Amino acid sequence: MPKINLLPKNVAELIAAGEVVERPASVMKELIENSIDAGATEITAEIQRGGITYMRITDNGCGIERSDVPTAFLRHATSKIKTDRDLDCIGTLGFRGEALAAVSSVAKVEMLTRTENSNVGTHYVIEGSEEKAQEDAGCPKGTTIIIRDIFFNTPARMKFLKKDVSEGNAVSQVVERIALSHPEIAFKFIRDGKTVLNTSGDGNLKNTVYAVLGREFSNSLIEVNDSINGIKVTGLTCKPVFCKATRNSQFTFLNGRLVRSGTVIAAVEQAYKNSAMVGKFPAFVLYLEVPFDTVDVNVHPAKTEVRFSDEKRIFDGVYGAVKNAITQSDTRPEIKLNAPKFNPFQNVTAKEYRQGVIEERVQKQEPIFKSEPKKTDFSTLTFRNNTPTPEFTRKFDTMGANGERIPFDTKPKVNIDIDIVEYNNKVIK
C-alpha cells in the first residue's frame, strides 16, 4: 500500500498556481482587477514578447501599507472578505487571495507601492515564492507590479505557451474587455513599446467602445437603459440590420465583471427574433446590476461563469430592456394606404367571369370596400394590355325578351391577359 506523503510547500504552491496562472493573459487579468478594487482611475499595462518575459501594471489606487506587503503574497491573504458570510454578497472583482501568491510562485515579481498617507514607498522583490528584498523607495501614490520570466522555474509549463504573437493577442483581449467593463477608468496598453489602446476614462461608454472596438462597430449601436424587476440593464446593442455572423461581439458585464451567461445571450437573441436575419447574431455591450446576494461568482477558477438564484428574473429583465431599445430605435416611416377605388375585377376567378359576376357587380354597384363614397355608372369599360395590341370597347350583356343573356361579339375572352382597365379615360385597375 503506498504511503501518503505531505507535499512540500513549494510543490503545493506550484500546483495551486496552475489553477490561477495559465498564461500571461490570466496574470494580467488578476492584477488589473486588483488595481480596480484598489480604486484606481488610471491603469497602464505593458508587455514585451507577449508577456512571457515582461509585464508591468501601474495604477494610482490606494496602495499597500508596508507591513502588509509581505502578507499580500501569501496564499488566501486578502482585504476583500473576512468571514464566510461575505461570500454570499461579493462586491469586488477579487476575493480569494490567490493571485499574487500564484504569480510569485512561478515568476520573478517586483513591487513598488505607496499609500496616500506615507511619505516613502516600499520596494519588494520575490522570486519563486522566496523573498529577495524589501526596502524604502521613492514612488508615486499607487502600485506598480513588474513580472519577469513567467514559468522560469517550471519548464514543463513553459512548453505549453504559444508563440509571442498569440500570447500577446490574448493579453490584448483581456485588457480590452476590462477597459469596456469600466469606462470610468482610463486604460493605456503598451505592447512591445507601442501604445495600442488608450481610453479617456470619461465614463462615456460609446467613447470607450469607439477606442476598443472601432468606429464602424460603435456607429451600429443603440442605447439600452432600463430597469425591470430590480434588474438594471444599461449599455449598447446593435441595430437589427448590423447583426454579426458569429457571437464574438457579445460582451456581458455583471456588476463590473466580465462573465459568460447563457441566460443573458438567450434573452438578447429572443428580443431580436423577427427583427434580425436568420443565422445572424446580435452584437452588444451590456451591463447588468443585480443584488450581490442573488448571484454566485465563486463557481469557476477564472470567475467568468456565474450562477443566478432566479434565472427567469434575469431573462425577463434583459429581454424587456433590449426589446424596448429595439422598438424605440425603429425609425422606419409608417406607410398609410388609402382605400382603393371600386374595382369590379378584384378577386374574380375565370369561372365567375364566365358566369357574369363582373356585370352583376357593376349593375348592383356594390363596392368591395365599404368606404367607397359614391356609386359610379360603369356602363362602358375599356380593356387594354401593356403590350401593343388593339384596344376594344364593349358594353355589358343585355337581356332578351325571354330573360336570356345576349352577349356582344366584342366580349373579351377569359384567357386575355388584361393589364389595365379604364373608365372614362381614367385607370381603375
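Phe253 stands opposite Tyr287, a residue of strand β13. The structure is a predicted model, in which local features need pLDDT of at least 70 and side-chain atom pairs count only at pLDDT 80 or more, while totals for chains, interfaces and linings use all residues. Residues are numbered from 1 along each chain as its sequence is written, and side-chain values use heavy atoms, leaving out hydrogens and water.

The strands of these two residues, β11 (residues 250–254) and β13 (residues 284–289), pair in the parallel sense over five bridges. Strands here are DSSP runs of E with at least two residues, and helices are runs of H or I with at least four, numbered from the N terminus; two strands pair if DSSP finds at least two bridges between them. Both belong to an open sheet of five strands with mixed pairing, in the order β9-β10-β13-β11-β12. At the edges stand β9 (221–228) and β12 (257–259), each with a single partner strand, so one side of each has no neighbour in the sheet.

Back at the facing residues, the ring centres of Phe253 and Tyr287 are 5.2 Å apart and their planes meet at 20 degrees, so the pair is stacked. Rings of Phe, Tyr and Trp (its six-membered ring) pair if their centres lie within 6.5 Å, with planes under 30 degrees apart called stacked, over 60 edge-to-face and the rest tilted. This pair links distant parts of the chain, 34 residues apart. Phe253 is buried at 0% relative accessibility, and Tyr287 is buried at 11%, where buried means under 20% relative accessible area, exposed over 50% and partly exposed in between (1.4 Å probe, protein chains only).
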